[in-house]
Amino acid sequence: MIKPIAQHATFTIDRVFDAPVTRVYAAFSNLEAKSRWFPGNPDWEQHERTFDFRVGGRERLKGRWRNGVATDFDCLYHDIVPERRIVYSYGLHHDGYFLSVSLATLEFAAAGTRTQLKLTEQGVFLDGYDDAGKRERGTRELLERLAASL
């Protein structure tokens, strides 16, 4: 039997992208643009995707890694200020196991012709899952894929 515990972690990533705010924001708010980088991993096969980018809208992304692990990303958008801020929460399942819930805030600001993105994520990891910084490392890898897609 798994002992019901919760471990919390928070991280912030500040990143400058060599693209204007309109393009960086579109990479989160437009399905075609977002599909170029999220999840963007050749070792992962998509099985289901829904994308309803609006306050109260949901995004769902299910698939399977080459090693057989099934993932389910289930997101709810809480606050959207176009080209300024996106706030969403998401649950993450691995092989049907409820792994974590996170609250993420994206803040966009012009930096000349570039974009300053501040991403803050607050997560709760459930029932013995020891994240050990994997979520932050994975988020940094996603932002690398985002930069390449711009």
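H3 supplies the largest share of the lining of the largest pocket, nine residues. This is a predicted model; local features need pLDDT of at least 70, side-chain atom pairs count only at pLDDT 80 or more, and totals for chains, interfaces and linings use all residues. Residues are numbered from 1 along each chain as its sequence is written, and side-chain values use heavy atoms, with hydrogens and water left out.

**Pocket**
- The largest pocket has a volume of about 890 Å³.
- Its lining has 35 residues, of which Phe 38, Trp 65, Leu 92, Gly 138 and Leu 142 lie nearest the centre.
- Strand S3 (58–65), strand S4 (70–81), strand S5 (85–94), S7 and H3 each give two or more residues to this lining.
- A pocket here is an open set of points on a 1 Å grid over the protein atoms alone, where a 1.4 Å probe fits, with protein on both sides within 12 Å along at least five of seven lines; lining residues have an atom within 4 Å of a point.
- Volume is the space filled by probe spheres set on the points.
- Helices (H or I, at least four residues) and strands (E, at least two) are DSSP runs, numbered from the N terminus.

**Thr 139**
- Thr 139 sits in helix H3 (residues 134–149).

**Leu 126**
- Leu 126 belongs to strand S7 (residues 114–126).
- Leu 126 is also buried, at 16% relative accessible area.
- Leu 126 and Ile 86 are 40 residues apart in sequence and 25 Å apart in space, C-alpha to C-alpha.

Technical notes
Buried < 20%, exposed > 50% of the residue type's maximum accessible area, 1.4 Å probe, protein only.
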